Structure formats: structure tokens, C-alpha cells
Amino acid sequence: MEKLKRKLKIPHTYVIIGIILVFATILTYIVPAGMYDRVLDEETGNEIIVADSYHQIEQMPIGPFRMVGALADGMVESADIIFFCFFAYGLVYMMIQSGAFYGGIGKLKRVMKGKEVLILPVFMAFFGICGSTFGMYEEVYGLLPAFMGISVAMGYDALTGGAAVVLGVATGFAAATLNPFTIGIAQGIAGLPIGSGVGFRIVCLILFEGMAIWYLMRYAHRVKKIPSFLT
């Protein structure tokens, strides 16, 4: 009789979150409790941590019922961050499902007709802005075959087209300006106004995305000039 082979399956997201929650609850019995002193910053109106003020406090382990109640408490306290992420993801979902995103890309391709040399830099900048503002990332992976084909047709290699998509959106996602999944969550945890410091991050986005475009186009020109240079 043949033995049935069990396939390794990743647990559902809720199962993973539940395991993390139980593990964190167990740690409340093990890890010593402590806290920092906080003072009110008169300029911003936010509480800030006082440096070198950490001190241990009485251990307060969490029981099973309190563990479940912490979910509701956390949802209430972080409601602004949670709904910010919900709306941002809803925007991305509607753009993809309605065809508006891919329709916009098709329109941009038609506008760029006759200016093919600018296709990759323009789309890299476009993907970077999408990743930086409303957190688009894996949604662009479906465009990889199209851009790999465009790249090969232009005399580059498939890697150039794939990198234009992945490198463009990844750089924008990393150099986030209003990305709710990075900036929004981090600023909410830090007690900062959502979107504060956006001017500095816009400068970072321009610099990082510009460097990524320059690097990829330099590589692309080398491929076109000497197609076999990698071998």
C-alpha cells in the first residue's frame, strides 16, 4: 500500500496571526516587564520617550480572556491606521478590477508611440509613484511578460523589461511618501501625524527612483551595444 504524501501547505493568514498572538501572550509570563517615561512635546502635542528612562515594572501576564479582548482594544486604538489601509487597498483593488489601471497603461503606451526609448524610464517612474503613494507592489507582476516582450523588441534583453517593472515599483515602495502600509502604520505607532515629513520623502523618492532608472538604462544600453557581454 502506497503511503500518502503530505504536501506542505502554508497555514491561513488568520492561523498565523493566532499563533503569533498566543506566542506573545506566553511571553508576558517570561519576558521582564518594563517601560520608558514619556513627556508631552509642546511643539507637536505628542508624547515622546525620555532617553535612558527605561525601568522595570511589576509583571502583568495576560490570561486567555484578556488575550482575546486585546484584539478588540487594538482595533479601537489603531482604527485610524486600519481604516487608512482598508481604503488604500480598496483603491488598488477597484483600479485593478475595473480595468482602469491596465487601461491607463495601454493609453500611456499609445502616447509613447514613436518615443520607444522613453518607454522604460517613463513606466519605471509611473510604477514608482504608484508604489510610493498608495502602496502598489505585487499588482504589477502581471505586466512582467508584456514588458519583457517590449524590451526584447527594442533590442534589450528580457531582464531589462522585467527589472523595469520590479525595480521601478520596489524603489517607489521603499521610498514611500504616503504609502499606508509602511509610512501610515509607522507614523501611527510613533504618534506622528499621518503624512508628516512628506516633502523630505518626495526628495528621497526622486533621488532613489532617478538612480534606479539611470542604473537600469545604463545596463540596457550596454546590452543593446554588446548583446553578448554577459557571457
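A salt bridge here is a side-chain nitrogen of Lys or Arg within 4 Å of a carboxyl oxygen of Asp or Glu, and the structure holds one of them. Bear in mind that this is a predicted model, where local features need pLDDT of at least 70, side-chain atom pairs count only at pLDDT 80 or more, and totals for chains, interfaces and linings use all residues. Residues are numbered from 1 along each chain as its sequence is written, and side-chain values use heavy atoms, with hydrogens and water left out.

**Overall build**

- You'll find nine helices and four strands in the protein; helices (H or I, at least four residues) and strands (E, at least two) are DSSP runs, numbered from the N terminus.
- Read along the sequence, the order is α-β-β-β-β-α-α-α-α-α-α-α-α.
- The radius of gyration is 24 Å, well over the 17 Å that the globule rule gives for 231 residues, so the protein is more spread out than a compact globule. That radius is taken over C-alpha atoms, and the rule is 2.2 Å times the number of residues to the power 0.38.
- The C-alpha trace spans about 75 × 70 × 40 Å along its principal axes.

**Burial and surface**

- Of the 231 residues, 28% count as buried (under 20% relative accessible area; exposed is over 50%, partly exposed in between, with a 1.4 Å probe and protein chains only).
- The protein exposes about 15,800 Å², with carbon and sulfur atoms supplying 70% of that; accessible areas come from the Shrake-Rupley method with a 1.4 Å probe, and for residues only the protein chains shown count as cover.
- Val22, Ile26, Tyr29, Ile30 and Val31 make up a nonpolar surface patch with about 490 Å² of accessible area together. Patch members have over 30% relative accessible area and no salt bridge; nonpolar side chains (Val, Leu, Ile, Met, Phe, Trp, Tyr) are joined within 5 Å, like charges within 9 Å.
- Ile30 sits in the loop between helix 1 (13-27) and strand 1 (34-35), and is exposed at 59% relative accessible area.

**Helix 5**

- Helix 5 (residues 119-133) has 15 residues and reaches 21 Å from first C-alpha to last, close to the 21 Å expected, which is 1.5 Å times one less than its number of residues.
- Its buried residues include Phe123, Met124, Phe127 and Cys130.
- After the helix comes Gly135, with a positive phi near 75°.

**The salt bridge**

- Asp73 pairs with Arg66, their closest N and O atoms being 3.1 Å apart.
- Asp73 is partly exposed at 36% relative accessible area, and Arg66 is partly exposed too, at 43%.
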